[in-house]
Amino acid sequence: MDSVGVVILTKNNFKVFKKCLDSFIEKNTYENIKFYIGDTGSNIKDINRIKKYLKKFPYPIELIKFNYYNFAKNHNWIINNRLKEEFVLFCNDDIELINDALSIMHKNWEDNLCTVGCKLLYPNNTIQHGGHKHVINKEYNTYYATHKYLNDKNTKLSNEYNVGNTFAFCLVKRDTYLELDGLNEDYKKCFEDVDFCIKGTNNNYKHKFIGSAECYHYESMSRKKSTSLFVRSDVERIKNELKNLYKDY
């Protein structure tokens, strides 16, 4: 059985974080896994609660403390310096497994894949994510990425190849991640995963979405937003990447 390193970033979010890990205890059957928890600045109270909880956690686990939050930089550091498993499972701390999602995703892995993703649901059981979708209109200079099936009523989704998957819950081979130089640390808030998936496509890898693997995603609980979700530099950067991707179409 391939080894999988699960990477979860968290900060002052213990109740939600605990719900995430509890769901692995309850739903996951994949055995050869280790968890890497990147705490990006929790207060002492939350750190102590995390440490107490982790003492009883049934899987191997490592707590890594950072004094900053940068989604790309935190993950790159963990994967380059700590994680040695064959696969990386990116997992937000506000994810809750509905079924044995990791096992289902891994069973569907095949050669020449860059990412494997799953269906993410809002708590009201509408779809939050069914993989990435690129929206391109060259006439109006429109280039952006969004979620497939966003806000649709929950329904059975098939497996399909797509243009990418969200790193809120995504499986990637570690060697491929390193080959593609990991996540771009220039992004401030969003689109690091879209950028990585584009790099995979440019290097002749495919992306696969597994509709039968399901999780809840309590989006926005994993980061408290005091400003807009997007920043202009991120939007312009991903727009240019999409322009380059579709320049010959």
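Let me start with a question: is lysine 208 buried, partly exposed or exposed? Lysine 208 counts as buried, because its relative accessibility is 10%. The term buried means under 20% relative accessible area, exposed means over 50%, and partly exposed lies in between, with a 1.4 Å probe and protein chains only.

Two remarks on the basis of this talk. This is a predicted model, in which local features need pLDDT of at least 70 and side-chain atom pairs count only at pLDDT 80 or more, while totals for chains, interfaces and linings use all residues. Residues are numbered from 1 along each chain as its sequence is written, and side-chain values use heavy atoms, with hydrogens and water left out.

I turn to strand S6, residues 113-121, where nine of nine residues are buried. Helices (H or I, at least four residues) and strands (E, at least two) are DSSP runs, numbered from the N terminus. Two strands are said to pair if DSSP finds at least two bridges between them.

S6 runs parallel to strand S12, residues 206-217, and eight bridges join the two. Within S12, lysine 208 is the bridge partner of valine 116. Valine 116 also has a bridge partner in S11, namely leucine 171. Strand S11 covers residues 169-173 and pairs with S6 over two bridges in the antiparallel sense.

Strand S7, residues 127-129, is likewise antiparallel to S6, and two bridges join them. There, histidine 129 is the bridge partner of leucine 120. S6 and S7 form a hairpin with five residues between them, and asparagine 125 in the turn has a positive phi of about 70 degrees.

Next, the charged side chains. Side chains of opposite charge can pair when their charged atoms come close. The structure holds nine salt bridges, a salt bridge being a side-chain nitrogen of Lys or Arg within 4 Å of a carboxyl oxygen of Asp or Glu.

Glutamate 110 is partly exposed, because its relative accessible area is 27%.

A second salt bridge joins lysine 19 and glutamate 96, with 3.8 Å between the closest N and O atoms. Lysine 19 lies in helix H1 (residues 14-27) and glutamate 96 in strand S5 (residues 95-97), so this pair ties together parts that are 77 residues apart in sequence. Why does lysine 19 count as partly exposed? The reason is its relative accessibility of 40%, whereas glutamate 96, at 18%, counts as buried.

Arginine 237 is partly exposed, with a relative accessible area of 26%, and aspartate 234 is buried, at 0%.

Finally, Lys34, Glu62 and Arg82 are linked in a network of salt bridges. Thank you for your attention.
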